[in-house]
Amino acid sequence: MVKGSVSFSLFLVAFVVVYFYYANHVKQGKPFNIRRIPGLDAIAEAVGRCTEMGRPVHYTFGTFTFDGNYLASFDVLSYTASLCARTGTDIIVTTALPEVTPMTEEIVRSAYASEGKLDAFKLDNIRFLSNTQQAYIQGIHGIFMREKPAANLILGSFNAESLQLAEVGNHIGAMQIAGTGRTNHIPFFVAACDYTLIGDELFASGAYIGRQPGRVGALFAQDFGKWLTIALVLVGTVMTTMGSKALSNLMKM
Amino acid sequence: MNPELATKLQNIDRRIIYAVLFITLAIPMLKPLGLPVNITSWTKAAYETIDAIPSGKVVLFTASFGPSQAAENQPMGIAVMTHLIRKKVKVVLDPTGAEALPYMMVYANMCKAAGYKEGEDYIVLSYLAGEESVFAAIGKDIKSLYASQPKSPLWDSIKDVTDFALMLDSSGGPSNRYALAHIGGPKKVKIIALIVGNLLTVLQPYYSAGQLAGIISALSGAAEYETLAKAPGAALSGMDAQSLGHLWVIFLIVVGNIAYYSSKKTGTRGGASR
Amino acid sequence: MKFLRSDLPVWLGFIGGIIMLAAVSFTAKPLQDYSKAFLEWTVVLAAFAMALGYANVFRIHANRIRFQRGKWKLSYVAIISMVLYFLVGLVGGTKSEAYTYVFTYVFTPLSATVFSLNAFHMCTACYRAFRVRNMESALLLIAGTIVMLGSIGVGTAIWKGFAIWTGWIMNVPSSAGIRAINIGAALGAIGVGFRMILGLERGHLGGAE
């Protein structure tokens, strides 16, 4: 085996076992608990606000490369689009990656179809702006100034546009829910948005919203990983303080 | 405080804020103030690591920043290149971002102007798309990845990424972490990160853990490096503007909080403007 | 058609993912050779994906012009500038004077101008966000102010302690918090990646689980 990979391989095996155990647990209809995530609960409130004010919802993913944040955000988009279809509220989705645009169209179309409102789906509301960051930012500024969405959902993978999107949304008085796994942009969202999904809260959104067995299984496997990390940190700190390198040597196997 | 004034101070018109900020940034650029620069431990560590490289060794310098980040990354890159050239260290320049090539050419021109010979003392590799895949492939087999690179004495002397005495990665994105994951960790190559300001908190844990040999962060880091390397440039002249800008932001925060507490005491609610 | 759009990508992802994962753990030469080849193919694929991306941009703007959707006249500007710059790079090369001229005097000022708006937006965001409403926001304000002052020469000229406390804040509480968030986000990414490799995640193919 590659030096240093034994601990990682064991962790991966344990992760897979926990995943399937909890996925099966949920499939059998057994109860489970996921703590409240205020940002996700607020989505219904945001859509309701837009319905009352007669203004659209704006949703965007950011300009960073397609990664796991996008996949996690797709679940939230599907949920938001369903709510919008149900309440007759427009949803404007802006994208910066050309390859994400057809995926977005499909997700929103499917959401409208599942609510029986396929005729209300507007292709023009799925807008590819630009794959250049600055043009994308300016495109969203323009949409905000002209169409004044009452809710701004910024969930995905961002570069430096994070602060600008949040500030302009704030300027027009939109209710803002943001979320990303990219840690260097979380402070901007916390400072400028009403709700922020921090780090793996975005990855938990699929399980939280849909409660599907696979997603819940992955969530519990992530929690297992965190508990294991906490245990290793505590035990490792004590052992290292006492002068023992046994644990760190074990991790380097 | 007068409740009306307190409410006004909590909701200062953006245009006033922006106008004053513009003035505080513009004045020092027209008339430099010569404010002192404080040297941080992570920039000092970067300087000492580069200073310890013997003459004739080869360094890999990757860059993935673009025009948006160039105001921060380019001055630090120029300061580092000045230091490397002064120490007669050979450089392999590798643009790992699509927009980084023109900035790498500035470094190449610096080498040429200092009498470096292309192919012997410095080379510029071609840009390859793929981001993390490129770093992973560099870690696995750099020669195979850049198989189409023309032969030259410098390139032929490199067999593996471990032949580099140091890797410098200049970016406004996650490429430093890719370098750590695929080159610094498995291959134990020393890495110094040249980054924009908001990445410092993200990379600080790696520096604290000894995985990064140093960090040069933001315009302030570039100014610190220019001071240490005695190579004054754009960063030092820009720091005056940044200092005054910071002071204006702190002033706004203090004023906003005083007004907030005053309105709380009198029972009126100004609140932050939406 | 369903096989090509849905099943084949899942199988390709599974095979590629399993080989790359196995190569992290096992030293078997065929595995290492395959993973090296996959990495190099990824670099080639990324280049083609870039080309596909630009073709997609072209298609989207061309459709806007064709169906006169939205601000379709601006799509002419987008397409013409895209094609012109592409030709400049193709004919003269990316190190040519013409390419560098357009990059330096058109692209760079436009990018830098829009990016510089961040400074102004940061100013108003700080002014709004740093209000001491409770203990947490007080800590945020104190830490933020210390780090801002510790990062500039004026701050250390006022009091040397700002620099010392800035170093402590960055090395201790900030690092601890970021490490925790990074670990959580990494575990989340492992979960999503694992589900993609096993074909359980199909959001990118237009379908849910």
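Two residues are in contact if their C-beta atoms, placed from the backbone, lie within 7 Å, and the legends below describe views of a predicted model.

**View 1. Where chain A touches chain B.** In this predicted model, eight residues of chain A are in contact with eight residues of chain B. On the side of chain A that touches chain B, seven of the residues are polar and one is nonpolar, while no charged residue is found there.

**View 2. The two domains of chain B.** Domain 1 of chain B is built from two stretches, 3-31 and 245-266, whereas domain 2 covers residues 41-232. Taken over C-alpha atoms, the centres of domain 1 of chain B and domain 2 of chain B are separated by 40 Å.

**View 3. Helices α2 and α11 of chain B.** Helix α2 (residues 14-30) of chain B packs against helix α11 (residues 234-266) of chain B at an angle of about 155°, and their axes are 7 Å apart. Because angles over 145 degrees count as roughly antiparallel, α2(B) is described as roughly antiparallel to α11(B). The crossing in which α2(B) passes α11(B) is right-handed. Among the residues that make the contact are B:Ile17, B:Leu21 and B:Leu25 of α2(B), together with B:Leu244, B:Trp248 and B:Leu252 of α11(B). Sorted by class, the contact of α2(B) with α11(B) has 10 nonpolar residues, two polar residues and one charged residue.

**View 4. Confidence along chain B.** The mean pLDDT of chain B is 90, with 97% of its residues reaching 70 or more. Over residues 270-274 of chain B, however, pLDDT stays under 50, and for this stretch the model has 14 contacts beyond four places in sequence.

Note on methods: Residues numbered from 1 in each chain as written. Chains lettered and ligands numbered in written order. Predicted model: local features only at pLDDT ≥ 70, side-chain atom pairs only at ≥ 80, totals over all residues. Domains from an automatic or database assignment. Nonpolar A, V, L, I, M, F, W, Y, C, P; charged D, E, K, R; others polar. pLDDT = per-residue confidence, 0-100. Axes fitted to C-alpha atoms, helices over the stretch in contact; angles between N-to-C directions. Helix = DSSP H or I, 4+ residues; strand = E, 2+ residues; numbered from the N terminus. Parallel < 35°, antiparallel > 145°, perpendicular 65-115°, else oblique. Left-handed = near helix turned anticlockwise from the far one by under 90°.
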